[in-house]
Amino acid sequence: PLDRIRSIRLSAGIRMDKIVIRGDQFDTVTLKAPDFNKQTYAVSRLEYVHDNAIQKAMNIWNGLRFKIFGDVNAQINKASFGDENPGRFMFNAGFDGRYYYPIYRNFIWAVRAAGDFSWGSQKVLYYLGGVDGWMFPKYSQEPRPANEPWAYQSLAVNMRGFPQNVANGNNALVINSEFRFPIFSTLINRPINNAFIRNFQVIQFTDLGTAWNGAYDKIERPQVVYTNGNGTVMARFKAGGIGPFVGGYGFGVRSTLLGYFLRLDAGWEMNGIFRGKP
């Protein structure tokens, strides 16, 4: 810690990935097959964190919080499965900043900007689209870049109004804006015992994001693919958005139910006013 709101954080460790041959009770060959040591990594992360945000209620904050980080991962073993040799390095750098502006009592505007950039002899593949923890996710068939040394994959979220994998690559940028209005805790001047009513919020959100592969000057608006029912006709169009970003917007609700804080969002692509199904 540098003071009450600023800190520098360093973490390091060992990550071991193994491949287990999948079998069943009638297949003695696969049951007896040994495990393979796929990769062993020395991993490290250095972060600068600034956090003066204060939580006023569930999902309601005031203040600024951000972090800037860098990762260095080095493969330190010779894999027993595949041809990966020691000396392969993965570098990641990124940031995540969030500002919560009070409008009226518990009514706030929350804005976020985040970016991830991966390079080296191994990389992380970022899939843009959707949200993390999506109960019934939808996927796009956008192919990932070939002939690249992908080691891991991750989601670039939130990007509501689009399925997961509307775009992918070793670089990703996301901007989110939410107006969070806890109706009852903002308008009622007395304690509310019921958690569902106390934490009930309506949300208006706007999401912008992009993901691309290669150099930083290759950033561009992702495209989406439309097909007919049997997949014999395919058309590719530039996705709705602003500049190099795809864009989505919509509304949502939040509350606590049976002890869990749940969210329900309906998002539309920025290609018209509530055009098509959310």
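At 4% relative accessibility, asparagine 170 counts as buried (buried is under 20% relative accessible area, exposed over 50% and partly exposed in between, with a 1.4 Å probe and protein chains only). This is a predicted model, where local features need pLDDT of at least 70 and side-chain atom pairs count only at pLDDT 80 or more, while totals for chains, interfaces and linings use all residues. Residues are numbered from 1 along each chain as its sequence is written, and side-chain values use heavy atoms, with hydrogens and water left out.

**Asparagine 170**

- Asparagine 170 sits in the loop between β9 (167-169) and β10; strands here are DSSP runs (E, at least two residues), numbered from the N terminus.
- A polar atom of its side chain lies 2.9 Å from the backbone nitrogen of glycine 214.
- Beyond its neighbours within four places in sequence, asparagine 170 is in contact (heavy atoms within 4.5 Å) with residues including Asp116, Tyr126, Trp150, Trp212 and Gly214.

**Strand β10 and its partners**

- β10 is mostly covered, with nine of its twelve residues buried.
- β6 and β10 run antiparallel and are joined by ten bridges; two strands pair if DSSP finds at least two bridges between them.
- Alanine 114 has valine 174 in β10 as its bridge partner.
- β10 also pairs with strand β11 (residues 201-212) in the antiparallel sense, over twelve bridges.

**Pockets**

- The largest pocket holds about 1,200 Å³ of space. A pocket is an open set of points on a 1 Å grid over the protein atoms alone, with protein on both sides within 12 Å along at least five of seven lines, and lining residues have an atom within 4 Å of a point. The volume is the space filled by probe spheres set on the points, which are joined across faces, edges and corners.
- Its lining has 37 residues, and Trp134, Lys138, Gly161, Phe162 and Pro163 lie nearest the centre.
- β16 gives the largest share of that lining, eight residues, and β12 (223-227) and β13 (234-238) each supply at least two.
- By class, the lining of the largest pocket has 18 nonpolar, nine polar and ten charged residues (Ala, Val, Leu, Ile, Met, Phe, Trp, Tyr, Cys and Pro count as nonpolar, Asp, Glu, Lys and Arg as charged, and the others, Gly among them, as polar).
- The second largest pocket holds about 560 Å³ of space. Of its 29 lining residues, Arg45, Phe69, Asp71, Asp116 and Tyr126 are closest to the centre.
- Strands that each supply at least two residues to this second lining include β1, β6 and β10.

**Aspartate 17**

- Aspartate 17 is found in strand β1 (residues 6-19) and is buried, at 17% relative accessible area.
- Its side chain makes a polar contact of 3.0 Å with the side chain of arginine 15 and another, also 3.0 Å, with that of tyrosine 152. A polar contact is a pair of N or O atoms within 3.5 Å; within protein, one must be able to donate a hydrogen and the other to accept it, and residues adjacent in sequence count only if both atoms are side-chain atoms.

**Asparagine 106**

- Asparagine 106 is in the loop between β5 and β6 and is buried, with a relative accessible area of 12%.

Note on methods: Helices (H or I, at least four residues) and strands (E, at least two) are DSSP runs, numbered from the N terminus. On a 1 Å grid over the protein atoms alone, a cavity is a set of points where a 1.4 Å probe fits but cannot get out, and a pocket is an open set with protein on both sides within 12 Å along at least five of seven lines; lining residues have an atom within 4 Å of a point.
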